[in-house]
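Biologist: I would like to go through this structure term by term. Please show it first, and then I will ask what each label rests on.

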Amino acid sequence: MDAHVVIYYDNISNILLANNPVYHARTKHIEVHYHFIREKVLTREINLIHVNTKNQVADIFTKALSTDKLKRFRKMFGVLEVDSSLKGNVENSSSTS
Amino acid sequence: MKLSADEGDHVEDTTMYICIMGSLIYMTITRPNLSYVVGMVSQFMQTPQKTHLDAMRRILKYIKHILKCGIFYEAKSQLQVCGYIDADWVDNVLDRRLTSGFMFSFGSGDVNWSSKKQPTIALSNTEAEYRSATCCM
């Protein structure tokens, strides 16, 4: 499948675990259905890519961040400050971007 | 800031706390940056304390500040699905459960996101991240 989904991750060992289907003593207890992602990586539906913690946008969902990071990640989400109300036509909203 | 379950005075008007909570949850539908904090304060709905109410007031202050913000989907952006996953292993001091978060963007804007405390307890950070990777699918 060509049109795969790219997923960014900040944990290298995880990417290795998902890419390499080898059973390890410390991963033995992870239930079978949690290895679902491994299956998807093998069929190339998902592409796991490492990302630096500085650019890990999903951090915003798991921990309290500093103001700088919060503002930067917010922007990366597509959450922008629009001068006018969000209600309006396409011309108005595109001019404020 | 860490919130705990039994510390300080109880809030007398629990109904008010629950009412504000409902409104906050409603706001997370369009504001991904609120998901985590709202999830935090919503864990104390049964017996809310003064510290929890203070945290909630802080969130309301933040909301006042970001009222004009919204997700903007650019018309000329490249339409590619892209996801970010993250997990937090033992940040929650109450029950040590892992919090997983993910977001998927399509084009310039965020289309799907979640911040959720998982029912399982992970034994290592890698396991926590691995589990959250599967949970986001």
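Biologist: Where is the place of B:Val37?

Modeller: This is a predicted model. In it, B:Val37 sits in helix 2 of chain B, which covers residues 35-41.

Biologist: What makes B:Val37 count as buried?

Modeller: The cut-off for buried is 20 or more other C-beta atoms within 10 Å. B:Val37 has 21 C-beta neighbours inside 10 Å, so B:Val37 counts as buried. B:Val37 and B:Gly101 are 64 residues apart along the chain, and their C-alpha atoms are separated by 12 Å. Across chain B, 36% of the 137 residues are buried.

Biologist: Why is B:Asp13 called exposed?

Modeller: B:Asp13 has 10, so the label is exposed. B:Asp13 lies in the segment before helix 1 of chain B. In sequence, B:Asp13 and B:Pro48 are 35 residues apart, and their C-alpha atoms are 9.0 Å apart in space.

Biologist: What sets the phi of A:Arg44 apart?

Modeller: Most residues other than glycine have a negative phi. For A:Arg44, phi is near 60°, a positive value in a residue other than glycine. A:Arg44 lies in the loop between helix 2 and strand 2 of chain A.

Biologist: Is A:Arg44 buried or exposed, and how do you know?

Modeller: A:Arg44 has 10 C-beta neighbours inside 10 Å. The limit for exposed is 12 or fewer. Therefore A:Arg44 counts as exposed.

Biologist: What is the phi of B:Arg96, and in which loop is its place?

Modeller: B:Arg96 has a phi near 60°, a positive value in a residue other than glycine. Its place is in the loop between strand 2 and strand 3 of chain B. B:Arg96 has 11 other C-beta atoms within 10 Å, so B:Arg96 is exposed.

Biologist: Now the sheet. How many strands does the open sheet have, and in what order?

Modeller: The open sheet has five strands in the order 2(A)-1(A)-2(B)-3(B)-4(B), with mixed pairing.

Biologist: Why do strand 2 of chain A and strand 4 of chain B stand at the edges?

Modeller: Strand 2 (46-50) of chain A and strand 4 (109-117) of chain B each have a single partner strand, so one side of each is left without a neighbour in the sheet. From one strand to the next, the twist averages 20°.

Biologist: What packs on the sheet?

Modeller: Helix 4 of chain B does, touching strand 2 and strand 3 (99-106) of chain B. The direction of helix 4 makes about 140° with that of strand 2 of chain B.

Biologist: How do you know that strand 1 of chain A and strand 2 of chain B pair?

Modeller: Pairing needs at least two bridges. Strand 1 of chain A and strand 2 (residues 81-88) of chain B have four bridges, in the parallel sense. A:Tyr9 stands opposite B:Ile85 in strand 2 of chain B.

Biologist: What makes strand 1 and strand 2 of chain A a pair?

Modeller: Set the count against that cut-off of at least two bridges. Strand 1 and strand 2 of chain A have five bridges, in the parallel sense.

Biologist: How many residues of chain A are in contact with chain B?

Modeller: 37 residues of chain A are in contact with 43 residues of chain B. Contact here calls for C-beta atoms within 7 Å. Strand 1 of chain A gives the largest share of chain A's side, five residues. That side divides into 22 nonpolar, eight polar and seven charged residues.

Biologist: Which domains does the assignment give for chain B?

Modeller: It gives domain 1 (14-65) and domain 2 (81-135). Their C-alpha centres lie 20 Å apart. Four residues from domain 1 and six residues from domain 2 of chain B make the contact.

Biologist: What pLDDT does chain B average?

Modeller: Chain B averages a pLDDT of 86, and 99% of its residues score at least 70. The model scores ipTM 0.78 and pTM 0.78.

Terms used: Residues numbered from 1 in each chain as written. Chains lettered and ligands numbered in written order. Predicted model: local features only at pLDDT ≥ 70, side-chain atom pairs only at ≥ 80, totals over all residues. Contact = placed C-beta atoms within 7 Å. Helix = DSSP H or I, 4+ residues; strand = E, 2+ residues; numbered from the N terminus. Nonpolar A, V, L, I, M, F, W, Y, C, P; charged D, E, K, R; others polar. pLDDT = per-residue confidence, 0-100. Domains from an automatic or database assignment. Axes fitted to C-alpha atoms, helices over the stretch in contact; angles between N-to-C directions.
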